[in-house]
Amino acid sequence: MNMDLKTQMERFYQWFKARKRITYPVLAVAIGIVAGYLYYYYIGCNSGSCPITSSPWSSMGIGGLMGWLLVSK
């Protein structure tokens, strides 16, 4: 079955729009996790008294959360 160009472009736009809704938040969270770990590694707190930057897990969690919050509407 041969669709016309307008129908094909509409279907492609809908497909792209659906993927963008999922891809951007996933990429933002991944970048946030990496940024959180880098923050812990280079700037983090060595004494253990800092609740966020004393652990790589909490720093990565906060980074991922911040990445998600930046792209969510």
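**Notes on the predicted chain**

1. The chain has two helices and zero strands, where helices (H or I, at least four residues) and strands (E, at least two) are DSSP runs numbered from the N terminus. The radius of gyration is 19 Å, well over the 11 Å from the globule rule for 73 residues, so the chain is more spread out than a compact globule. That radius is taken over C-alpha atoms, and the rule is 2.2 Å times the number of residues to the power 0.38.

2. A word on the basis: this is a predicted model, in which local features need pLDDT of at least 70 and side-chain atom pairs count only at pLDDT 80 or more, while totals for chains, interfaces and linings use all residues. Residues are numbered from 1 along each chain as its sequence is written, and side-chain values use heavy atoms, with hydrogens and water left out.

3. Along its principal axes, the C-alpha trace spans about 65 × 20 × 15 Å. Of the 73 residues, 16% count as buried (under 20% relative accessible area; exposed is over 50% and partly exposed in between, with a 1.4 Å probe and protein chains only).

4. The structure holds one disulfide, a pair of cysteine sulfur atoms within 2.5 Å. Cys45 and Cys50 form this link with their sulfur atoms 2.4 Å apart, and at 65 degrees about the S-S bond it is right-handed.
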